[in-house]
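Here's a quick tour of a protein chain for you to follow along with. Keep the 3D view open and click on each piece as it comes up.

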Amino acid sequence: MSDLYRASINARLAKLPPHLPPVEPEEDGDEEEEELDGIGDLPGSGMGPPAMQFSPISAAGYFESAFQVAVPSRNLDTRVYYTPPKFKDGSVMICHHGAGYSGLSFACFAKEVTALSKGECGVLALDARRHGKTTSSSDDENLSVDVLVADFCAVIQSVFADPLVAPSLLFIGHSMGGSVVVRACPLLLQKKYRIAGVSVLDVVEGSAIDALPHMHSLLNARPDGFDSVEEAIEWHVTTNAILNPTSARVSIPSILRSREEQAPEASGTKYLPRYTWRTPLRSTAPYWLSWFQGLSSHFLQARTARLLVLAGTDRLDKELMIGQMQGKFQMVVVPGVGHMLHEDDPTRLAEILVDFWRRNERVIVGIKKVGDP
């Protein structure tokens, strides 16, 4: 969220990363289920960069499977995207998205991780409450950090029911998701899950909280909706909200709600766009402070390897600055990207995370992990 503020004030321009190769959707016989994820092929003939187009791309080629996980204790039916490791002793990166986005924001990243790790490391990304294709039977609107953490832990325990046979896990959280994963880490360690590390993407407690008073005025600049999915993708790319058009074509359809999914318009009411935000950010305002307050201390207290990945230079708050000087966590700054760094340059982030995983999961016995106290 702090980077949304900086991007809105200082409109960073960056070179677009290379396009990922075209992906054909898998034949799973469930076209209607993935309709909102979009179906389309990347343009281009191999004779140079493809022409700019904004048609949706199916997520089928980026994850091995997509399914719903019932969590009765949380009144949730959670959408999960998953590519498991190919080997019995493999690991799984668990990805939690930021506010307003969905698990598909990690789609291109997941494909890169699978390739770089040669299948040793799987990737699981989920849609949080009130996001993507996750639904709640109780229509609970609460997005406080405690609720999100409880949801996250319940999903992990549902997918990997037995911690003794579960793969080792590496938690990755973007912005709001960073707050969720660092708080969930000690709770799941208590349940005997093996956690190889925790990584927070582009959020610092101090600057995030400083940005909160400006958020409503910044959200006024966002459109209420769009007349087509293509228009929504184009808006995100041309405003530099997402610098990688390929990733935008995969992820943006999942954060929109069609008019058919909305309440029917009453006669005489103002015109509603055909597609509106599935999770309007203004509606999440009551929970903003809970997401970021205490983030630094929870991150530094996580009893596993710790990694902070930032888009450009950011001012660390005092607690993180002291922790960095004490060598309590690893920090990497990725140049030429915006707040959605995992979408802007999924290849570079995959390189960073796979390297982090290799050094901390396959560590020699007796040598401390990066960030260990």
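What does the accessible surface of the protein chain come to, and what share of it belongs to carbon and sulfur atoms? The total is about 16,200 Å², and carbon and sulfur atoms hold 55% of that. Bear in mind that this is a predicted model.

**The whole chain**

- The protein chain has 13 helices and 12 strands.
- Out of its 373 residues, 55% are buried.
- Take the contacts between residues at least 6 apart in sequence: 73% of them join residues at least 24 apart.

- Look for an open sheet of 3 strands, which come in the order E8-E10-E9 and pair in antiparallel fashion.
- Strand E8 (225–226) and strand E9 (256–258) are at the edges, and each has a single partner strand, so one side of each has no neighbour in the sheet.
- In general, the strands of a sheet pair through backbone hydrogen bonds, and they can do so parallel or antiparallel.
- E9 and strand E10 (residues 275–277) run antiparallel, joined by 3 bridges.
- If you find leucine 256, you'll see tryptophan 277 of E10 standing opposite.

**Helix H7 and what covers it**

- Helix H7 spans residues 229–238, and its buried residues are Val229, Ala232, Ile233, His236 and Val237.
- Looking down the axis of H7, you'd see these buried residues fall within an arc of 130°, so they line one face of the helix.
- The cover over the buried residues of H7 includes helix H8 (245–251), along with E8, E9 and E10.
- Just after H7 comes asparagine 240, with a positive phi of about 65°.

- Lysine 118 isn't a glycine, yet its phi is positive, at about 55°.
- You'll find lysine 118 in the loop between helix H2 (107–116) and strand E4 (121–126).
- Lysine 118 counts as exposed because its relative accessibility is 64%, and the cut-off for exposed is over 50%.
- Serine 175, also not a glycine, has a positive phi near 50°.
- The loop that holds serine 175 runs between strand E6 (168–174) and helix H4 (176–190).
- Is serine 175 buried or exposed? Serine 175 counts as buried, because its relative accessibility is 5%, and buried means under 20%.

**A buried threonine**

- Threonine 78 sits in strand E2 (residues 76–83).
- With a relative accessibility of 2%, threonine 78 counts as buried.
- Which residues does threonine 78 touch, leaving out those up to four places away in sequence? They are Phe67, Gln68, Val69, Val71, Leu126, Asp127, Thr134 and Val155.

**A nonpolar patch on the surface**

- Now turn to the surface, where Met321, Ile322 and Met325 form a nonpolar patch.
- Together, Met321, Ile322 and Met325 have about 310 Å² of accessible area.
- Isoleucine 322 belongs to helix H11 (residues 318–325).

How values were computed:
Residues are numbered from 1 along each chain as its sequence is written. This is a predicted model: local features need pLDDT of at least 70, side-chain atom pairs count only at pLDDT 80 or more; totals for chains, interfaces and linings use all residues. Side-chain values use heavy atoms; hydrogens and water are left out. Patches are made of residues with over 30% relative accessible area and no salt bridge: like charges are joined within 9 Å, nonpolar side chains (Val, Leu, Ile, Met, Phe, Trp, Tyr) within 5 Å. Accessible areas come from the Shrake-Rupley method with a 1.4 Å probe; for residues, only the protein chains shown count as cover. A salt bridge is a side-chain nitrogen of Lys or Arg within 4 Å of a carboxyl oxygen of Asp or Glu. Helices (H or I, at least four residues) and strands (E, at least two) are DSSP runs, numbered from the N terminus. Two strands pair if DSSP finds at least two bridges between them. Buried means under 20% relative accessible area, exposed over 50%, partly exposed in between (1.4 Å probe, protein chains only). Contact means heavy atoms within 4.5 Å. The arc is that of the directions from the helix axis to the C-beta atoms.
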